[in-house]
Amino acid sequence: MWYWIFKYVLVGPFLRVIARPRVVGLEHLPSSGPVIVAANHLAVIDSLILCLVLPRRLGFVAKREYFERPGLIGALQRWFFTAAGQVPIDRAGAAVADEALDTACAILAAGGVWAIHPEGTRSRDRVARRGRTGVMRVAARTGASVLPVGLRGTERINPCGSRRLRPGRVEVVVGRPLLIDFSETEIRAATDQLMQSIVVLSGQRWINEYA
């Protein structure tokens with residue numbers, strides 16, 4: 001319930017005024033069933049923008065540190081991230097990747113939407129980089145559709161290193177679902193194909209190295 005209250009009452013209206021999002025290709029998002037939304041990552045608010053403009057509830061995996069801040073502020077932060085669909089994972093230890101992938105598979109098994117930024121972190125120079133293979137490993141395990149999304153302009157609304165939001169215009173470009181035969185395509189090749197689709201949608205320059 002709180003997800004929708006944040007979206008339509010507490011956060012969404014303000015964010016819509018500040019970012020003035022324009023969405024292209026929304027018809028490519030299936031109205032039901034498991035879907036993976038994979039987008040580029042330019043700013044902290046990227047996940048909020050995706051939640052704002054996509055009509056289905058999104059689930060993310062987030063670093064556990066977001067949920068461990070002490071005191072009243074920490075409690076409010078944990079509540080907000082949980083209500084916003086964030087699922088905490090521990091980034092330390094050998095089982096981190098498996099925990100994240102298992103969480104994603106659970107979201108999809110329930111018919112939900114798992115959203116992820118395949119690069120793994122924000123781009124500080126607006127350049128797209130090599131994607132991590134987790135998204136396609138999950139797609140191969142679950143058979144879920146993979147929807148590439150390009151975010152444009154979020155770094156101007158929410159500049160790197162700043163906590164302030166500046167008025168501007170954000171564009172969200174939703175691509176067609178990728179059709180990948182995993183019996184013939186390796187996970188790494190499928191990940192590279194996904195990133196190339198995201199780069200076309202976002203208008204970014206791409207370099208073949210990890211962030």
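A nonpolar core is a set of buried Ala, Val, Leu, Ile, Met, Phe, Trp, Tyr and Cys residues joined through side-chain atoms within 4.5 Å; buried means under 20% relative accessible area, exposed over 50%, and partly exposed in between, with a 1.4 Å probe and protein chains only. The model is predicted, so local features need pLDDT of at least 70 and side-chain atom pairs count only at pLDDT 80 or more, while totals for chains, interfaces and linings use all residues. Residues are numbered from 1 along each chain as its sequence is written, and side-chain values use heavy atoms, with hydrogens and water left out.

**Stop 1: the largest core**

Select Val 37, Ile 49, Leu 50, Leu 54, Leu 58, Val 149 and Val 172, which touch the most other members of the largest nonpolar core, a set of 27 residues. Then colour the elements that give this core two or more residues: helices H2 (12–19) and H3 (46–53), and strands E2 (35–39), E3 (58–63), E5 (113–116), E7 (145–152) and E8 (171–174). Helices (H or I, at least four residues) and strands (E, at least two) are DSSP runs, numbered from the N terminus. H3 supplies the largest share, five residues.

Next, centre on Val 37. Neighbours within four places in sequence aside, Val 37 is in contact with Leu 29, Leu 54, Val 113, Trp 114, Ala 115, Ile 116, Leu 147 and Val 149, contact meaning heavy atoms within 4.5 Å.

**Stop 2: His 41**

Move to the loop between E2 and H3, where His 41 is found. His 41 is buried, at a relative accessible area of 13%. Not counting residues up to four places away in sequence, His 41 touches Asp 46, His 117, Glu 119, Thr 121, Arg 122 and Ser 123. Draw a C-alpha to C-alpha distance from His 41 to Gly 120: 8.2 Å in space, for 79 residues in sequence.

**Stop 3: helix H6**

Select H6 and show Gly 134, Val 135, Met 136, Val 138 and Ala 139, the buried residues of this helix. After H6 comes Gly 143, with a positive phi near 75°.
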